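Here are my notes on this model, point by point. Please keep the coordinates open while you read.

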Amino acid sequence: MINTYQTSLAPPPLPPRLNRSHQVLIPDPLPSQGHNKPLIRFLVAVVLLHLFLSVGGFIYLYNNGKTEKRSAEGKVAYISSEKQETSSRTLAHMVVEHKARTAEAKSTPGYLQWDMNHSVRRDINYYHNSWLTILQPGDYYVYSRVTFSKGDSRQPLTSKVKLRKNETGEEKTVMQAFCSLGSHSGSASIPHLCTASQVEVITLEKGNQLSVWVQDLLLVDYDDKATTFGMYKL
């Protein structure tokens with residue numbers, strides 16, 4: 001009997017078992033990046049610094065703009081209040097009344113007359129076109145300018161500001177100035193001129209009166225730019 005189960009071929013290999021564990025190969029991790037941390041920190045610091053500078057600059061410009069705006073508004077308000085105060089200030093600026101010179105006119109002392117139609121007065125009254133009457137008591141800046149254009153005086157020409165307490169009060173000199181025409185009286189085209197100017201701060205009461213007295217009315221230059229008188233309350 002022939003044995004059919006015998007053969008010279010090697011038996012086939014056994015299949016792998018399903019429950020057998022296989023070794024899993026894990027690749028090596030990436031190289032450590034610890035050497036990059038300082039660079040990252042530096043970049044973050046630069047970004048934050050730039051951000052802080054931008055915010056700080058914006059805040060500075062904003063506050064500076066508000067400060068300049070307030071300063072400009074304050075200047076405008078100051079100028080406006082100053083103009084308003086000047087426009088309502090107690091004052092007087094008197095224009096001298098022209099006096100015609102005639103051959104019969106004689107040299108005489110006296111008080112200058114003022115042209116009330118062209119003079120400026122605020123809260124200051126007048127008496128007989130010569131005396132200014134104070135209505136508000138206080139300190140006043142008083143000025144006078146008298147120009148003499150004729151005559152050949154051997155002594156200095158005098159201009160005085162007189163003060164009296166009221167219409168019937170005693171007069172006293174509170175300001176005076178002198179000028180001299182010298183020995184040459186000039187000519188009609190180029191007259192010899194001299195000007196007596198004076199300023200003073202005077203404390204005045206209500207009802208006080210001021211006027212300008214000169215030693216020779218005939219020698220006065222009656223041009224409104226050459227001879228004037230005024231005051232304003234401080």
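1. E1 and E11 run antiparallel and are joined by five bridges. Val-95 has Thr-228 of E11 as its bridge partner. Strands here are DSSP runs of E with at least two residues, helices are runs of H or I with at least four, and both are numbered from the N terminus. Two strands count as paired if DSSP finds at least two bridges between them.

2. A word on the basis. This is a predicted model, in which local features need pLDDT of at least 70 and side-chain atom pairs count only at pLDDT 80 or more, while totals for chains, interfaces and linings use all residues. Residues are numbered from 1 along each chain as its sequence is written, and side-chain values use heavy atoms, with hydrogens and water left out.

3. E1 also pairs with E3. Three bridges join these antiparallel strands. Leu-91 stands opposite Arg-122 of E3. Strand E1 covers residues 91-95, and four of its five residues are buried. Buried means under 20% relative accessible area, exposed means over 50%, and partly exposed lies in between (1.4 Å probe, protein chains only).

4. E11 has a further partner in strand E6 (residues 138-148). E6 and E11 pair in the antiparallel sense over six bridges. Tyr-141 faces Tyr-232 of E11 across this pairing.

5. Now the overall layout. The chain holds one helix and 11 strands. The order along the sequence is α-β-β-β-β-β-β-β-β-β-β-β. Of the 234 residues, 26% count as buried.

6. How many disulfides does a search of the whole structure find? The search finds one. It joins Cys-179 to Cys-194, with an S to S distance of 2.3 Å; the criterion is a pair of cysteine sulfur atoms within 2.5 Å. Cys-179 lies in strand E8 and Cys-194 in strand E9 (residues 194-204), so the pair ties together parts that are 15 residues apart in sequence. The torsion about the S-S bond is about 45 degrees, so the disulfide is right-handed. Cys-179 and Cys-194 are both buried.

7. Two residues other than glycine deserve a look for positive phi. Asp-123 has phi near 60 degrees. This residue sits in the loop between strand E3 (120-122) and strand E4 (124-127). Asp-123 is partly exposed, with a relative accessible area of 40%. His-128 has phi near 55 degrees. His-128 lies in the loop between E4 and strand E5 (131-134). At 58% relative accessibility, His-128 counts as exposed.

8. Is Asp-221 buried or exposed? Asp-221 is buried, with a relative accessible area of 19%. It lies in the loop between strand E10 (209-214) and strand E11 (228-233). A polar atom of the Asp-221 side chain lies 3.1 Å from the backbone nitrogen of Asp-223.

9. Last, the largest pocket. Its volume is about 160 Å³. On a 1 Å grid over the protein atoms alone, a pocket is an open set of points where a 1.4 Å probe fits, with protein on both sides within 12 Å along at least five of seven lines. Lining residues have an atom within 4 Å of a point. Grid points are joined across faces, edges and corners, and the volume is the space filled by probe spheres set on the points.

10. Which residues line the largest pocket? They are Leu-163, Arg-164, Lys-165, Gly-169, Glu-170, Lys-172, Val-174, Glu-205 and Asn-208. Strand E7 (157-164) and strand E8 (172-179) each supply at least two residues of the lining. The lining divides into two nonpolar, two polar and five charged residues. In this scheme Asp, Glu, Lys and Arg are charged; Ala, Val, Leu, Ile, Met, Phe, Trp, Tyr, Cys and Pro are nonpolar; the others, Gly among them, are polar.

Terms used: A polar contact is a pair of N or O atoms within 3.5 Å; within protein, one must be able to donate a hydrogen and the other to accept it, and residues adjacent in sequence count only if both atoms are side-chain atoms.
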